[in-house]
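This note sets out numbered points on salt bridges and strand pairing. Please read each point beside the sequence and coordinates.

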Protein chains: 2
Amino acid sequence: MGGASDRSARRAVVARRILGIDPGSLVTGWGIVESIENAISHVACGTIATAGAQAQGARLSRIYRGIQQIIVRYHPDGVSLEKVFFARNPQSALKLGQARGVALLAAAENQLDVYEYSSNEIKSAVVGYGHATKEQVQKMVASLLHVSEKMAADAADALAAAVCHVHRQAFQARLMEAAPDWRPAMRRRRSP
Amino acid sequence: MGGASDRSARRAVVARRILGIDPGSLVTGWGIVESIENAISHVACGTIATAGAQAQGARLSRIYRGIQQIIVRYHPDGVSLEKVFFARNPQSALKLGQARGVALLAAAENQLDVYEYSSNEIKSAVVGYGHATKEQVQKMVASLLHVSEKMAADAADALAAAVCHVHRQAFQARLMEAAPDWRPAMRRRRSP
């Protein structure tokens, strides 16, 4: 999230569970990872499917309530999701936005900080380069988190967003240890 | 909404209050109109403004809670809003979608049916032709609903959506009286 601060840098060391979300109007992927020291592990993942025949309000309710239930069950410390820079067309952007809106609402209503990363950042964190295919992400997420059973592509994307955030947190924590006075340039408060 | 049915046609005669919503990531307009027999009157209107500096989750919370409060306070029988066919670009469609998503969620969580009309249908219902300007809509809504104080453009747009739905309901109710067996062609259930 834009509003990263000293507080979130301190929290980075403490935070344990991250909920990754991959919102979609038909299928919303989700995944929880846990980080302890330098180890990262898979807690749970899945998808919230909304039957195509349902009215859009009912679908959004299902996504919202589904995420609420996941938050209540797994107590994540933060939410990570992919930034959206472009979409196929305004119609699909609108529908994606509607699903994304209720996901962000569920996070906000539970006082969870939201972290957003570009698709490139997420793929780089998981596969090692920014232009990996969906299948490569799926494979690498499963391998990285030692998940042997087949996971849905949307759940893998959600886990990838969560993994990306954990990597970033770990990186920042190490930086803070090495150079406590260091601040990323982008975080400097500009004088008005 | 697409799923209009006999039930909603029957409800049309009973329903009294319609909440119009004009969602936006910065300003969400809302307006309640009441219809008794052939008369339509203004109940309340306003805007939910979300300061630009807030995080998007906090903004979406504000919109969601604002609409929840309006529903609790005014007990509308249904929600009317503009269909979105295009947007300036995918980024603005995404942001509009997020605001729209939480508005639709608030309606769904309160078991309110949602009715959507195109911009042309709304303008035609209020001004008489589909290409009216924002100012013309604002003026005609104020005149139609006998509101003398100045209203925000977004509130006027929300009221216009509500007025459009009331007109449609009244039209359908009259049709039902005149020809009880008549059904609009678009509602006929197609055989698969």
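1. B:R17 counts as partly exposed, with a relative accessibility of 22%; here buried means under 20% relative accessible area, exposed over 50%, and partly exposed in between (1.4 Å probe, protein chains only). The residue forms a salt bridge with B:E34, and the closest N and O atoms are 2.9 Å apart. B:E34 belongs to strand β2 (residues 27-36) of chain B and B:R17 to strand β1 (residues 17-22) of chain B, so the pair ties together parts 17 residues apart in sequence. A salt bridge is a side-chain nitrogen of Lys or Arg within 4 Å of a carboxyl oxygen of Asp or Glu.

2. The model is predicted: local features need pLDDT of at least 70 and side-chain atom pairs count only at pLDDT 80 or more, whereas totals for chains, interfaces and linings use all residues. Residues are numbered from 1 along each chain as its sequence is written, chains are lettered from A and ligands numbered from 1 in the order in which they are written, and side-chain values use heavy atoms, with hydrogens and water left out.

3. In chain A, the side chains of A:R17 and A:E34 meet in a salt bridge at 2.9 Å, N to O. A:R17 lies in strand β1 (residues 17-22) of chain A and A:E34 in strand β2 (residues 27-36) of chain A, so this pair ties together parts that are 17 residues apart in sequence. A:R17 is partly exposed, at a relative accessible area of 21%. Helices (H or I, at least four residues) and strands (E, at least two) are DSSP runs, numbered from the N terminus.

4. How far apart are the closest N and O atoms of A:D157 and A:K134? They are 2.4 Å apart, in a salt bridge. The pair links distant parts of the chain, with A:D157 in helix α6 (residues 153-178) of chain A and A:K134 in helix α5 (residues 134-144) of chain A, 23 residues apart. A:D157 is buried at 17% relative accessible area, while A:K134 is partly exposed at 41%. Over all chains, a search of the whole structure finds 10 salt bridges.

5. Strand β4 (residues 78-82) of chain A has four of its five residues buried, so the strand is largely enclosed by the rest of the structure. Four bridges join β1(A) to β4(A), which run parallel; two strands pair if DSSP finds at least two bridges between them. A:L19 has A:V79 as its bridge partner in β4(A).

6. Five bridges join β4(A) to strand β5 (residues 113-117) of chain A, and these strands run parallel. A:G78 stands opposite A:D113 in β5(A).
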